[in-house]
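Trainee: Could you take a close look at one part of this protein with me? I'd like to follow a single residue and see who its partners are.

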Amino acid sequence: MDRKYMALALKLAERGRPSPNPKVGAVVVKNGKIIGKGYHKRAGEPHAEVNALQGINAEGATLYVNLEPCSHYGKTPPCTDLIIASGITRVVCAMKDPNPQVHGIKVLREHGIEVEVGLMGGEARKVNEKFIKYMTENTPFVTLKCAMSLDGKIACNSGDSKWITNEKSREYAHRLRGEYDAILVGINTVLEDDPGLKAENGKDPLRVILDSTLRTPADAKVLSDSNILIATTERYNRKKRKILKKKARIWGCGTERVDLKELIKMLGKKGVTSVLIEGGSEVHASAVKEKIVDKFLFFIAPKLITGRNAKGPIGGEGIETLEEAFLLKDLTIKRFDEDILVEAYPLMI
């Protein structure tokens, strides 16, 4: 039964959008019945444990939570204080919190509460993979997303690319934007598609444009608000900079080309915990080459575009031998009607 309740806690955790905080779900069980449940909705709002324990008698109950309860003061009081005061006698926790400020397990045990750690730990780490990467390395978790045909094309010879995937795939992809702190694209995507890069679930991420010489049009849709960052180089157009500076932040990150590794580090220092790359094939190639990608999302539609000059999802100069190929691991597949989504992680060797 422990696994059943932890699975529910993980499912609840996924509902939240609390970045830069972790996703946490909590379930309270007493005498074999669920008497409380909750999740951390947004940063600054009550934590999962607070929501789960609100208005119930938890004396002698068990608390299931996917992450170690916090024991320090932040924007909210420590959850350990509430757990101790509630009369909870047992806590089942999926994983320890990588935040060095958190000592919730130790605090609870010191107050006589039985604490078990590790149930569904792998699933818990995946739910909070962005938070874990940022907390342990102080750099954002980077996901590369692209849509392609079954024969590996992202556009026709003419450049037409709307729409390769079906509506359900596109809806899911747009929802993904709300799960990331930043969306990154290249200047060619801005010039060719003029995207707004908005999320559809109430949260608009920081939009980052790679633009070595500042070719971004002043009337581009992406410049509709001030939550924009343009990463450029020493080759930038000084006259254009004066115009764009009124609409966006501009960072220098390189000499000839934008240094992606440096940019990712700079974003991390500014508190950006996660980045979704939606660039074209050359941006994707640079991201793969620089090894900044933590996860790949490939949407594949049952279409054949054909054409020797039609673009593939990852450009660049390519490799000479198969021994140089970038290996992937932990593949999972989802279906969106006839489209499929392949999720994979790089195998670092």
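Trainee: Let's pick Glu278: is it buried or exposed, and what about Lys145?

Mentor: Keep in mind that this is a predicted model. Glu278 is buried, and Lys145 is buried too. Now look at their side chains: they meet in a salt bridge, with 3.7 Å from N to O. Glu278 sits in the loop between strand S11 (274–277) and helix H11 (281–289), while Lys145 belongs to strand S6, so this pair ties together parts that are 133 residues apart in sequence.

Glu278 also has a salt bridge with the side chain of Arg177, at 2.9 Å from N to O. Like Glu278, Arg177 is buried.

Helix H7 gives us another pair to look at. Lys168 in that helix is linked to Asp337, which lies in the loop between strand S13 (328–336) and strand S14 (339–346), 169 residues away in the chain. Their side chains form a salt bridge of 3.4 Å, N to O. Lys168 counts as partly exposed because its relative accessibility is 44%, which falls between the 20% and 50% cut-offs. Asp337 is partly exposed as well, with a relative accessible area of 45%.

As for the whole structure, a search finds 19 salt bridges. Some of them share partners, and in this way Asp2, Arg90, Glu114 and Glu116 are joined into one network.

Methods:
Residues numbered from 1 in each chain as written. Predicted model: local features only at pLDDT ≥ 70, side-chain atom pairs only at ≥ 80, totals over all residues. Heavy atoms only, no water. Salt bridge = Lys/Arg side-chain N within 4 Å of Asp/Glu carboxyl O. Helix = DSSP H or I, 4+ residues; strand = E, 2+ residues; numbered from the N terminus. Buried < 20%, exposed > 50% of the residue type's maximum accessible area, 1.4 Å probe, protein only.
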